[in-house]
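These are my notebook entries on a structure that I had not examined before. I record what I looked up, element by element.

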Amino acid sequence: MTNKFKEFPGTPLSEGDFKEGKILFYHDQMKADFAWDTGVAIGSYLAALKEGYLLGGYCQTCRKTVIPPRTVCEWCFRPMDSYVRLEDTGTVNTFSLCYVTWDVKRIKEPELPAVIEIDGASPLHGIMHKLGEVDPEDVHIGMRVRAVWKPPDEREGAITDILYFKPFKEGES
Amino acid sequence: MSERVAIIGVGWAGYRPVSPEVSYKEWMYEAAVKAYADAGVDPRRDVDSFVTVAEDFIEGTSIFDEYVPDQLGAALKPVHTIGGDGLHGLATGYMLIRTGLANLVVVEGHSKASNVLTLPEITAYAQDPVLNRPLGLNTEFVAGLEMNRYLFETGTSLEQCAAVVVKNRRNALRNPLAPYGADLTLDEALEGPPLAWPLYHRHKSKHADGAIVMVLASGERAEVLSHQPIWILGMGWCNCAPSLESRDWNELRYIRKAANMAYQQAGIVQPNLVIDFAEIDDTYAYKELQHLEALGFCRVGEAGYLTEEGATEPEGELPVNVSGGSLGMGNLLDASGLARALEVVLQLRGEAGSRQLEEVEVGLAQSWRGVPTTSGAVAVMSH
């Protein structure tokens with residue numbers, strides 16, 4: 001379709017037009033600061049991360065273990081108030097190799113976001129995190145991984161208290 | 001298709017100036033689980049559609065619809081968030097039922113205003129980015145402009161505006177949900193430095209956190225499920241041209257039109273003969289007076305005198321904001337309209353405790369989306 005056009009209609013703008021002030025434009029840097037209350041369930045989850053372990057919740061009606069914990073089961077709408085400590089190991093459910101960063105820069109070594117189904121949680125319940133210490137070509141669905149934690153004194157009760165998940169073989173510590 | 005729509009369940013959480021102990025999701029759940037128990041419905045089994053009201057800029061997350069299903073019991077069900085006030089949400093639920101698309105609809109609104117550290121900066125994003133925002137004014141200036149012109153044109157006095165503050169904050173003393181109850185004098189209501197003169201800082205409602213959930217049902221379902229359905233007799237909403245430069249600051253034509261839309265559906269010709277009490281927007285004290293006039297309860301310029309004479313007190317001819325309004329209960333951002341509607345429901349059910357009005361049959365709730373908008377909605381209800 002594009003080869004039908006010799007010239008595109010419209011007036012193209014160049015970086016120079018902005019610099020020289022030829023166009024009306026308005027630059028604004030939004031000041032949007034939030035301090036979200038984490039609440040009971042996510043607050044407990046983040047506190048556990050600071051201590052270096054994973055916390056899930058258990059729904060007695062659905063007999064399901066979910067991570068992170070929550071105060072209500074989204075499927076049966078019964079209150080969920082029992083917490084369970086989970087292993088920091090799991091299985092890659094899906095992953096991607098990302099060659100563009102969040103601020104749109106091209107990179108040669110891809111970032112490796114993955115959903116990791118955590119051991120002890122019910123199927124389809126996992127953590128969204130990144131993979132590390134692995135050759136991107138070796139990553140595969142079903143790969144067994146373990147959390148790599150920040151040192152205890154650097155943890156702050158955030159998802160980034162886990163640096164990444166790395167592959168391991170059963171039996172290895 | 002259902003001609004009639006009723007509110008058959010209400011639930012709320014809050015309201016508090018701050019609420020560090022719960023997340024917004026847990027707030028919503030607390031309100032929802034109360035509303036469902038009140039209505040006697042199971043959201044997973046019974047509810048056909050869910051509507052929430054929220055503004056992404058305020059929540060701090062884009063496409064807020066994604067953050068609501070689990071705590072409302074709406075996973076794998078029709079759900080959508082609208083950028084509007086709670087009464088717009090109620091209107092949406094009303095339409096879903098009136099059109100026959102749904103028989104049971106849940107409407108939710110909440111505020112976690114305490115979590116928004118830069119609320120004035122975010123509110124400034126409602127200003128026109130080319131014509132107004134570059135002037136760098138705190139958006140409160142719009143209320144200053146409007147109030148000044150309103151006082152000028154109608155002869156309403158600062159003291160009459162202060163009387164609204166005194167009344168609503170005193171009403172709040174009898175409302176266990178209201179965090180800003182106070183026994184102020186007229187002088188005290190005018191104390192302190194002005195925000196945007198003639199607007200004084202106690203003439204502005206402070207923010208609060210909270211959540212409100214309502215369950216709406218078609219006439220047929222309401223008759224089966226509820227022993228005290230509150231019928232929505234009419235709903236109206238309207239926006240004016242938003243421009244600050246060519247605005248009629250005195251007569252709020254958009255509120256007048258929203259009210260007429262609701263009155264027409266309800267078959268109301270003279271609102272002050274039919275409506276027993278009103279819960280109306282008082283984000284700023286002068287707005288209660290302006291809204292009273294625009295809703296047709298009195299002529300333009302009369303609301304101040306009526307307030308001064310006590311006509312809008314709980315024992316007056318037309319009790320207004322017996323709940324305490326936003327001045328007494330707190331400004332709940334886009335949940336404010338639902339807070340107004342909630343009080344109407346509680347009063348009509350006879351469940352308003354020590355502030356219960358006697359022999360009320362028809363109540364009105366009205367909302368405004370705050371500065372710099374010309375966006376309002378009206379609901380008329382009866383038991």
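Predicted model: local features only at pLDDT ≥ 70, side-chain atom pairs only at ≥ 80, totals over all residues.

Entry 1, a strand of chain B. I began with a bridge: B:G11 has B:V213 as its partner in β7(B). I noted that strands are DSSP runs of E with at least two residues, and helices runs of H or I with at least four, numbered from the N terminus. The bridge belongs to the antiparallel pairing of β1 (residues 5-16) of chain B with β7(B), which has ten bridges. I also looked up β4 (residues 104-112) of chain B, which runs antiparallel to β7(B) and is joined to it by nine bridges; there, B:H110 is partnered with B:A211. Two strands count as paired if DSSP finds at least two bridges between them.

I then checked burial, where buried means under 20% relative accessible area, exposed over 50% and partly exposed in between, with a 1.4 Å probe and protein chains only. In β7 (residues 209-218) of chain B, ten of ten residues are buried. Both faces are covered, with B:V213 among the buried residues of one side and B:M214 among those of the other.

Residues are numbered from 1 along each chain as written, chains are lettered from A and ligands numbered from 1 in the order written, and side-chain values use heavy atoms, without hydrogens and water.

I found α2 (residues 39-51) of chain A to have 13 residues. Its buried residues include A:Y45, A:L46 and A:L49. After α2(A) comes A:G52, with a positive phi near 95°.

I next traced an open sheet of three strands in chain A, ordered β2-β1-β3 with antiparallel pairing. Its edge strands are β2 (64-66) and β3. Five bridges pair β1(A) with β3(A), and A:L55 has A:R85 as its bridge partner in β3(A).

Is B:Q71 buried or exposed? I found B:Q71 buried, at a relative accessible area of 2%. B:Q71 sits in α3 (residues 69-72) of chain B. Leaving out residues up to four places away in sequence, B:Q71 touches residues including A:V72, A:F77 and B:Y24.

Methods: Contact = heavy atoms within 4.5 Å. Expected span 1.5 Å × (residues − 1).
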